[in-house]
Amino acid sequence: MSRFTSSPASPLSFRTSRRTALALGGSLVAVPLFGASATSAATRQDASPVPVSGGVLRVGVQGDPTELDPHLTVLAAAGIVVGLVYEGLVEVDPELVPQPALAESWEISDDGRTYTFALRQGVTFHNGRPFVASDVVYSFERVQNPETASPSASYVGGIATIETPDDATVVITLASPDASFLTKLAFWGVSIVPQEEVERTGDLTQAMVGTGPFTFTEYVPNTRVVLGRNENYWQQGKPYLDGVELNIIPEDTSRTTALVSATVDLIEQVPHKDIAILEADDAIVLAGKRTTNLRWLTFNTRKPPFDQVDFRQAVAKAMDREAIIDAAVFGYGEPLIGLYPEAFWAGYEGEIPPPDIEGAKALLAGLSLPEDFRPRLLTWSQYGFLSSTSVVVQEQLRQIGIEAEIDAQENAIYIENYFSGNFDIAVMGASGYMDPNEYLEQSFTTEGVNNAAGYSNPELDALLEQALLETDRDARAEMYQRAQQMIIDDAPWISLYTSDTYEGLRSNVRGFTHMLSGGLETLRDTWLDG
């Protein structure tokens with residue numbers, strides 16, 4: 001039996017849309033997600049010697065969370081808020097290694113199926129009630145319940161039984177071993193919530209009651225989310241801030257201007273066009289670079305001609321990824337052909353071919369396309385880098401004789417259309433993956449909860465199921481190589497790029513750490529120095 005317990009001698013490290021974001025064998029080893037480059041991805045702002053309490057941190061965020069129930073929401077923008085108010089049994093540190101959170105420690109049986117969690121004592125929900133084992137059972141069963149229709153159901157879908165020998169212990173038995181299970185429990189979509197608050201309000205879409213460092217005060221759609229300090233937080237002395245005000249600023253120039261003018265103290269998703277400008281400003285510090293994000297095209301394989309692999313491969317051959325990166329993120333990115341970058345332990349290692357316009361045209365020549373064929377290119381209106389991606393993709397499709405029409409939609413409408421199959425080709429992006437199985441299982445298995453493409457490959461289903469039973473990371477990596485190659489060959493998705501991501505901070509913002517997930521959970525360690 002393997003065992004993991006938090007060390008009282010050192011502070012815990014801190015963690016990180018449906019739908020969005022470390023393989024564990026016999027022991028936990030802090031292996032950087034992106035090898036040697038991971039140090040630049042977890043940059044800590046220089047801190048004054050002693051943290052200062054007080055003050056409200058004003059943050060400029062890119063997206064409107066739309067709704068706030070951690071078990072129902074689909075957007076990474078909502079995940080930022082959820083990660084500040086709610087917690088799970090497990091969290092991940094800045095390099096995505098699982099760490100204790102509401103579970104103070106755990107033991108894993110020798111067969112890899114039974115996890116015994118010792119819960120942290122002295123934790124209370126924001127409504128004042130103590131956190132107990134039955135809250136874990138309620139939360140996980142709520143996510144599992146088909147009537148909830150939770151986009152996070154797959155994260156706890158492998159649980160066979162949950163037992164609570166006492167209020168301080170939870171015993172979870174899996175139907176089969178799952179090498180990614182602890183990492184799944186760190187996802188914000190399976191946060192622990194109080195049953196009485198769900199029953200009082202019907203759901204938690206507009207009200208939030210968690211155990212996290214910040215309490216919910218106000219949400220004004222498309223304007224702001226206001227959070228206050230949890231005075232009874234289990235980490236003594238934290239958070240240092242009196243509160244956090246998340247100002248929704250989707251327009252890139254406006255977000256940068258707000259930071260430069262000190263209207264806000266910190267912005268997420270520094271616009272790529274402004275990185276050089278902010279680097280030259282002595283009053284600004286940039287944190288970050290590497291982030292676990294992916295940008296891709298999805299085909300709706302339920303309808304012709306998108307159900308034909310030759311059509312999908314023709315589009316794949318037309319993609320000039322470097323041109324897309326230059327236009328969409330001003331060169332601050334890395335092209336992808338597999339799902340994951342090569343530096344990730346399960347990243348795809350094959351070469352990315354150059355664009356082949358003639359080859360694409362040859363494939364299309366063998367198809368019977370309608371004369372009025374004008375596929376709809378679904379994209380986002382609130383994310384500039386995805387809107388820009390769409391424009392370049394549209395032009396590259398035009399080079400092979402396909403006239404696509406861009407359909408830019410706001411977050412909630414986009415999500416509804418994407419997951420209901422109301423699209424032809426979609427420009428999509430997501431962030432926050434922690435284990436390679438996450439996107440593969442959810443988006444490519446026949447019954448995957450996020451399988452917007454409608455794709456089915458029984459051979460891939462079997463391979464991904466086998467990979468979860470494997471505890472050796474090298475063996476898992478080889479399986480994920482094969483899985484990614486199947487996806488490249490069938491092309492239900494076309495991976496495009498992963499982009500560098502930075503937070504911009506005023507120089508008086510201290511103690512902040514960039515997360516590979518792109519989350520802002522380390523605001524509980526952050527303070528204002530003057």
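Colleague: How many bridges join β6 to strand β8, and in which sense do they run?

Modeller: Two strands pair if DSSP finds at least two bridges between them, and strands are DSSP runs (E, at least two residues) numbered from the N terminus. Here 5 bridges join β6 to β8 (residues 169–174), and the two run antiparallel. Thr 114 stands opposite Thr 173 in β8. This is a predicted model, in which local features need pLDDT of at least 70, side-chain atom pairs count only at pLDDT 80 or more, and totals for chains, interfaces and linings use all residues. Residues are numbered from 1 along each chain as its sequence is written, and side-chain values use heavy atoms, with hydrogens and water left out.

Colleague: Which residues form the covered face of β6, and which the uncovered one?

Modeller: In a regular strand the side chains alternate between the two faces of the sheet. In β6 (residues 114–119), Tyr 115, Phe 117 and Leu 119 make up the covered face, while Thr 114, Thr 116 and Ala 118 lie on the uncovered one. Phe 117 is also the bridge partner of Trp 106.

Colleague: What is the sense of the pairing between β5 and β6?

Modeller: Strand β5 (residues 103–108) pairs with β6 in the antiparallel sense, over 5 bridges. Their hairpin has 5 residues between the strands, and Gly 112 takes a positive phi near 75° there.

Colleague: Which strands stand at the edges of the open sheet?

Modeller: The order of this sheet of 7 strands is β9-β10-β11-β2-β12-β20-β13, with mixed pairing. β9 (214–220) and β13 (284–289) stand at the edges, each with a single partner strand, so one side of each has no neighbour in the sheet.

Note on methods
Buried means under 20% relative accessible area, exposed over 50%, partly exposed in between (1.4 Å probe, protein chains only). Helices (H or I, at least four residues) and strands (E, at least two) are DSSP runs, numbered from the N terminus.
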